[in-house]
Amino acid sequence: MGKYDALGAFLRRWKVRNDADGVEISYAQIEGIIRGVLPRAAASADWWSASEPSDAHPPHRRAWLDAGFEAVAEPTRECVYFRKRSRDR
């Protein structure tokens with residue numbers, strides 16, 4: 001099981017239980033979900049973006065993409081908005 005699998009599982013459960021288009025989660029909450037510390041790179045919005053082809057996604061991005069979300073980071077607020085991907089709404 002990978003470090004970010006718990007985040008993907010959390011988002012899948014959230015999607016089943018909620019009708020909203022997305023959920024905002026703080027870095028501290030994410031660290032609680034994954035039971036680990038986010039890397040320093042997570043302070044950059046680029047770490048959260050998904051600009052490469054889908055087969056090139058690193059494990060952290062794959063966790064929320066496979067759960068049907070895209071991430072919009074707000075590093076100055078230390079939070080991420082996970083928005084349901086349009087095809088999954």
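Start by selecting Glu70: at 31% relative accessible area, Glu70 is partly exposed (buried means under 20%, exposed over 50%, partly exposed in between, with a 1.4 Å probe and protein chains only). You are looking at a predicted model, in which local features need pLDDT of at least 70, side-chain atom pairs count only at pLDDT 80 or more, and totals for chains, interfaces and linings use all residues. Residues are numbered from 1 along each chain as its sequence is written, and side-chain values use heavy atoms, with hydrogens and water left out.

**Salt bridges**

Arg83 forms a salt bridge with Glu70, and their closest N and O atoms are 2.7 Å apart (a salt bridge is a side-chain nitrogen of Lys or Arg within 4 Å of a carboxyl oxygen of Asp or Glu). This pair links distant parts of the chain, with Arg83 in strand E3 and Glu70 in strand E2, 13 residues apart; helices (H or I, at least four residues) and strands (E, at least two) are DSSP runs numbered from the N terminus. Arg83 is partly exposed too, at 29%.

Next, pick Glu24, Glu74 and Arg77, which are linked in a network of salt bridges. Between Glu24 and Arg77, the closest N and O atoms are 2.8 Å apart. Glu24 sits in strand E1 and Arg77 in the loop between E2 and E3, so this pair ties together parts that are 53 residues apart in sequence. Arg77 also bridges to Glu74, again with closest N and O atoms 2.8 Å apart. Three salt bridges are counted by this rule.

**Helix H2**

Now show Tyr27, Ile30 and Ile34, which are buried in H2. Look down the axis of H2: the buried residues fall within an arc of 55°, so they line one face of the helix (the arc is that of the directions from the helix axis to the C-beta atoms). They pack against H1, E1, H3, E2 and E3. Just after H2, stop at Arg35, which takes a positive phi of about 55°.

**The core**

Finally, turn to the largest nonpolar core, which has 22 residues (a nonpolar core is a set of buried Ala, Val, Leu, Ile, Met, Phe, Trp, Tyr and Cys residues joined through side-chain atoms within 4.5 Å). Those with the most contacts inside this core include Leu11, Ile30, Trp64 and Phe82. Among the elements that give two or more residues to the core are helix H1 (5–17) and helix H4 (59–66).

Which residues touch Trp64, leaving aside its neighbours within four places in sequence? Trp64 is in contact with Leu7, Leu11, Trp47, Trp48, Phe69, Glu70, Ala71 and Phe82, where contact means heavy atoms within 4.5 Å.
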